[in-house]
Amino acid sequence: ATRNAKGGKNKDAPLQLEGVLDLSQTPRGVMVTNYRRNNSDIVKIAVYALQPKYEFYSKIISIRVEMKSTTNEKRSFLLKRRDIVAKIQLDCHRQAMLEPLVTVAETSLNPGLWEIVAYIQLDPMGTDIMNPNNASGESVAMKPSALMMFDVVDRVHEKLVNHFETAEGRCKQVYAELSSVVHKLRSNSSAQNNSLSVLERYGTYHNVLVRARQKYNNLEMMMEQSGLKSDIYSRLGDLLHESRQLFSEMQNSVNAIARKKENKCDAKRFKAYVATVLESNDPSTWMKNVSKAELCRNGGSPDPINRLYQLFIEGKGKYTLLFDSEMYKVAALREDLFSTKQCKELATRGEEVCLREKEEEEEAIAAEERKKKEEEAQAKMLKDIEMRHKWGMVG
């Protein structure tokens with residue numbers, strides 16, 4: 001409804017309410033804040049009260065908020081005068097305390113970029129702030145509020161992306177290590193160097209290959225969960241295949257040397273056999289299915305079970321093998337191979353290794369976060385220096 005200077009209705013006259021409330025203004029964009037409640041992300045949507053607030057609260061009929069996401073999902077919220085008045089609190093002098101913001105809704109939103117606009121209806125005859133009813137049947141529609149864009153982040157996916165990036169970074173590091181090992185092995189072409197490197201086969205070379213396989217499998221899992229792809233994944237897979245072939249050639253050398261020493265031959269051959277298993281793609285499946293006869297065929301005689309157990313627990317020899325927590329877990333279930341006491345000890349060792357693995361992962365993540373913060377601080381410092389330089393040039 002509109003009014004002319006004489007107070008009569010005139011459809012052609014510009015909209016104007018009595019008082020100083022400017023109907024030609026464009027309301028400010030809505031205020032959107034988010035917080036956590038019961039492990040859920042809640043979005044609070046509020047509209048700024050027009051100035052002066054007294055007239056706004058006296059004349060307000062309703063506030064409607066329309067929302068649309070980039071996936072074409074739509075949401076609408078309507079707050080009527082009765083609900084707005086009910087939220088007004090009185091001070092100790094029984095005077096209305098008028099808030100600068102009117103909360104329209106608190107809700108959860110699906111991830112995506114949301115466009116939010118508020119529509120305000122006013123009653124030009126309204127004068128009583130605390131009256132829950134509209135003063136008349138007339139209404140004036142304000143211009144739509146300024147467009148507000150709000151990005152709702154998928155926290156679950158964001159966490160998966162962070163884990164993927166961490167796993168990818170680990171693979172890049174271990175790729176460099178394994179590349180160095182392969183290069184070193186290929187350059188040791190003489191029989192003398194090759195025989196000297198036999199000892200290292202159970203130390204540096206073995207550990208690097210096992211860790212590379214672990215990081216490779218972890219990145220594969222993160223790729224499946226996040227839906228992301230990684231170039232280092234295929235490159236590390238190719239390098240692992242090449243490394244296993246090279247280690248197999250090296251293993252032939254190990255076996256040739258071991259065959260010259262009968263008693264030690266079996267122990268070393270057995271250790272080499274288990275090392276090769278640990279370096280394979282799926283050592284846990286081997287542990288689930290391996291038989292006593294198979295252990296004997298690969299150097300486990302005369303007591304293959306005890307020999308395997310010693311590798312798990314005591315790690316006799318100059319170089320020990322790297323068993324991860326999953327291998328201990330599976331081995332502890334093989335009651336057909338190990339005694340009850342041995343299974344219990346394997347389970348205990350597995351829990352200890354699992355804790356160590358988690359600690360190493362947490363330390364690595366913390367180190368990456370520190371590095372990221374340092375890089376951000378460095379970038380900010382460089383930007384500040386550049387800005388001061390530009391201002392100096394202007395001066």
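A salt bridge is taken here as a side-chain nitrogen of Lys or Arg within 4 Å of a carboxyl oxygen of Asp or Glu. The model described below is predicted.

**Salt bridges**

Aspartate 324 and arginine 213 meet this rule, with their closest N and O atoms 3.6 Å apart. Because aspartate 324 sits in the loop between helix 10 and helix 11 while arginine 213 belongs to helix 5, the pair ties together parts that are 111 residues apart in sequence. Aspartate 324 is buried, at a relative accessible area of 12%, and arginine 213 is also buried, at 5%.

The rule gives nine salt bridges in total.

| Aspartate 324 | Arginine 213 | 3.6 Å |

As background, side chains of opposite charge can pair when their charged atoms come close.

**Helix 5 and helix 10**

Helix 5, the element that holds arginine 213, covers residues 204–226, which is 23 residues. From its first C-alpha to its last, helix 5 reaches 32 Å, close to the 33 Å expected at 1.5 Å a residue. Its buried residues are Tyr205, His206, Val208, Leu209, Val210, Ala212, Arg213, Tyr216, Leu219, Met222, Met223 and Ser226. An α-helix has 3.6 residues a turn, so residues three or four places apart point the same way. Among the buried residues of helix 5, Val208, Ala212, Tyr216 and Leu219 follow one another at such steps. Just after helix 5 comes glycine 227, whose phi is positive at about 75 degrees.

Helix 10 (304–313) is mostly covered, with eight of its 10 residues buried. The buried residues of helix 10 are Pro304, Ile305, Leu308, Tyr309, Gln310, Leu311, Phe312 and Ile313.

**The largest pocket**

Which residues lie nearest the centre of the largest pocket? They are Gln214, Lys215, Asp324, Glu357 and Glu360, out of a lining of 38 residues.

The space in the largest pocket comes to about 1,200 Å³. By class, its lining has 15 nonpolar, nine polar and 14 charged residues. Helix 3 (155–187), helix 5, helix 10, helix 11 (325–331) and helix 12 (340–394) each supply at least two residues of the lining. Helix 12 gives the most, with 10 residues.

**The largest nonpolar core**

The largest nonpolar core has 34 residues, of which Phe56, Tyr57, Ile63, Val65 and Leu122 touch the most other members. Two or more residues of this core come from each of strand 2 (40–48), helix 1 (53–59), strand 3 (60–69), strand 4 (74–80), strand 7 (101–107), strand 8 (112–122) and strand 10 (148–152). Strand 8 has the largest share, with five residues. As a general point, nonpolar side chains tend to be buried together in soluble globular proteins.

**Backbone features in loops**

In the loop between strand 2 and helix 1 lies proline 52. The peptide bond from glutamine 51 to proline 52 is cis, with omega near 0 degrees.

Asparagine 72, in the loop between strand 3 and strand 4, has a phi near 70 degrees, which is a positive value in a residue other than glycine. Its relative accessibility is 49%, and asparagine 72 counts as partly exposed.

Is arginine 94 buried or exposed? Arginine 94 counts as exposed, because its relative accessibility is 64% and the cut-off for exposed is over 50%. Arginine 94 lies in the loop between strand 5 (89–90) and strand 6 (96–97). The phi of arginine 94 is near 65 degrees, a positive value in a residue other than glycine.

Note on methods
Residues numbered from 1 in each chain as written. Predicted model: local features only at pLDDT ≥ 70, side-chain atom pairs only at ≥ 80, totals over all residues. Heavy atoms only, no water. Helix = DSSP H or I, 4+ residues; strand = E, 2+ residues; numbered from the N terminus. Expected span 1.5 Å × (residues − 1). Buried < 20%, exposed > 50% of the residue type's maximum accessible area, 1.4 Å probe, protein only. 1 Å grid on protein atoms, 1.4 Å probe; cavity = no way out; pocket = protein on both sides within 12 Å on 5 of 7 lines; lining within 4 Å. Points joined across faces, edges and corners; volume = space filled by probe spheres on them. Nonpolar A, V, L, I, M, F, W, Y, C, P; charged D, E, K, R; others polar. Core = buried A, V, L, I, M, F, W, Y, C linked by side-chain atoms within 4.5 Å.
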